[in-house]
Amino acid sequence: MSDLIKFKIDGKDCMAEAGKYIVDAAADNGIYIPTLCNMKGVQPKGACRICSVRINGRLMTSCTTPVTDGMEIESDSAEIQDLRKSIIELLFVSGNHFCPACEKSGSCELQALAYRYQMMVPRFPYEFPLKRVDASSPRIIKDQNRCIFCKRCIKTIKDEKGRSYFVFRNRGHKLEVVLDETMGKTMDEATAKLAMENCPVGSILVKERGFEIPIGKRKFDKEPIGSDIKL
Amino acid sequence: MSKPVIATTSLAGCFGCHMSLLDIDERILTLIELVEFNKSPIDDIKTFTKPVDIGLIEGGCCNSENVEVLKSFRKNCKILVSLGECAIMGGLPALRNGIPIEECLHEAYIGGPTVQLNKDGIMPNDDELPMLLDKVYPCHEIVKIDYFLPGCPPRADLIWDALVALVTGDPMKLPYEVVKFD
């Protein structure tokens with residue numbers, strides 16, 4: 001017990017092991033901080049900024065910042081909630097997210113966050129960028145319209161030699177996450193399923209199946225994302 | 001006091017949102033007690049005959065007629081509500097956004113695999129037909145929209161709660177289960 005440290009989130013006294021990332025330490029204390037690019041067991045990268053909190057007047061990503069003794073964290077304030085909501089809205093307008101036509105609808109983490117933050121309409125104009133759908137691999141469809149560059153697939157979907165199935169292609173506004181052509185040919189069903197599961201949106205879909213879970217039984221139909229984090 | 005007046009329209013939509021409005025079941029009898037309908041496909045009144053309090057817009061704007069109707073709704077309604085995903089973000093019709101209009105028309109009338117009877121390769125060109133816009137626009141990018149009810153279609157309970165809130169002026173409850181994008 002000696003290495004437990006004390007800190008505060010929105011004025012609430014919390015305790016955690018030293019060195020834990022804030023988002024995990026908060027969860028241990030029953031406080032939900034939203035995440036999108038972050039995944040348990042994967043080195044955090046602070047890509048999406050959804051988990052931003054204010055520490056000492058500065059915005060920090062709580063998935064990459066370790067908690068320290070006496071730290072005072074602001075997470076649930078109106079300003080930070082709005083900041084998170086604006087990130088969700090930006091993600092919605094910068095891609096083509098047609099929820100009614102998406103297989104992942106109901107189990108999509110981006111959509112679930114929009115529900116949690118009650119996004120009725122994004123405050124930004126829709127971009128409607130022209131993106132492509134790559135269905136050339138035998139196992140999966142990679143829909144670039146929905147990709148949010150979270151890098152989860154790159155970090156987690158690897159073969160037995162540790163090589164990633166997914167890679168970045170191009171730079172700047174042409175950036176894409178694509179399936180490696182050669183490796184895609186030998187991808188097995190279990191890996192394809194895991195890739196679809198790990199994708200927070202509907203950008204990676206397993207071929208020859210779809211809409212398997214009926215409306216009402218999907219992951220976020222009844223309970224908001226983060227409902228599992230309670231004391 | 002006279003009853004609040006409601007108008008509805010379907011622009012580039014599928015009438016699914018209107019079906020969802022009818023899906024309030026027996027509450028429709030209460031609704032008729034509470035409000036009066038003006039221009040709407042529900043009562044088949046084609047033009048505005050009086051000032052309207054609440055206008056419900058289904059569908060986005062895909063052609064010049066949609067824009068005209070939407071602007072007339074803005075002119076005649078005190079409050080405009082975007083009803084459903086198509087009104088809010090273009091919806092399925094907006095899947096054509098990003099594809100040049102000529103390519104879309106070619107696929108629909110000349111090159112598509114199901115086109116068989118159009119041997120002369122004619123594209124619709126009658127002056128009576130509304131012009132297609134370069135893309136499908138969300139309603140709030142054309143006129144000012146006051147409220148948004150997402151869903152495909154918005155749940156009947158969401159439409160009901162919103163109408164009751166607007167008519168009575170009471171704050172609206174937004175239970176988790178009713179605000180969905182699909």
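Predicted model: local features only at pLDDT ≥ 70, side-chain atom pairs only at ≥ 80, totals over all residues.
Begin by selecting the two domains of chain A: ten residues of domain 1 are in contact with twelve residues of domain 2.

**Chain A: two domains and their boundary**

To colour the domains separately, select residues 4-76 of chain A for domain 1 and residues 86-206 for domain 2. On the side of domain 1 that touches domain 2, eight residues are nonpolar and two are charged, while none is polar. The centres of the two domains of chain A, taken over C-alpha atoms, are separated by 26 Å.

**The largest nonpolar core**

Next, select Ile22(A), Val23(A), Ala26(A), Leu110(A), Leu113(A) and Ala195(A); these have the most contacts inside the largest nonpolar core, which has 57 residues.

Now centre the view on Ala26(A). Leaving aside residues up to four places away in sequence, Ala26(A) touches Ile9(A), Ile31(A), Ile33(A) and Ser62(A). A further core of 39 residues lies apart from the largest one; among its members are Tyr126(A), Val5(B), Leu70(B) and Phe148(B).

**A three-stranded sheet in chain A**

Turn to strands E6, E7 and E10 of chain A, which form an open sheet in that order with antiparallel pairing. Strand E6 (133-134) and strand E10 (204-206) stand at the edges of the sheet; each has a single partner strand, so one side of each is left without a neighbour there. Two bridges link E6(A) to strand E7 (residues 140-143) of chain A in the antiparallel sense. To see one such pairing, display Asp134(A) together with its bridge partner in E7(A), Lys142(A).

**Where chain A meets chain B**

Show both chains and select the residues at their contact: 18 from chain A and 23 from chain B. On the chain A side, 13 of these residues are nonpolar, four are polar and one is charged.

**Chain B as a whole**

Now hide chain A. Chain B contains six helices and seven strands, and from the N terminus on its elements follow the order β-α-α-β-β-β-α-β-α-α-β-β-α. Its C-alpha trace spans about 60 × 35 × 30 Å along the principal axes. Of the 182 residues in chain B, 36% count as buried. Among the contacts in chain B with a separation of 6 or more, 78% are between residues 24 or more positions apart.

Finish with strand E3 (residues 52-58) of chain B. How many of its seven residues are buried? Six are, and the strand is thus described as mostly covered.

Then display strand E5 (residues 77-83) of chain B, which runs parallel to E3(B) and is joined to it by six bridges. Here Gly55(B) has Leu80(B) of E5(B) as its bridge partner.

Note on methods: Residues numbered from 1 in each chain as written. Chains lettered and ligands numbered in written order. Core = buried A, V, L, I, M, F, W, Y, C linked by C-beta atoms within 7 Å. Buried ≥ 20, exposed ≤ 12 C-beta atoms within 10 Å, placed from the backbone. Contact = placed C-beta atoms within 7 Å. Nonpolar A, V, L, I, M, F, W, Y, C, P; charged D, E, K, R; others polar. Helix = DSSP H or I, 4+ residues; strand = E, 2+ residues; numbered from the N terminus. Pairing = 2+ DSSP bridges. Domains from an automatic or database assignment.
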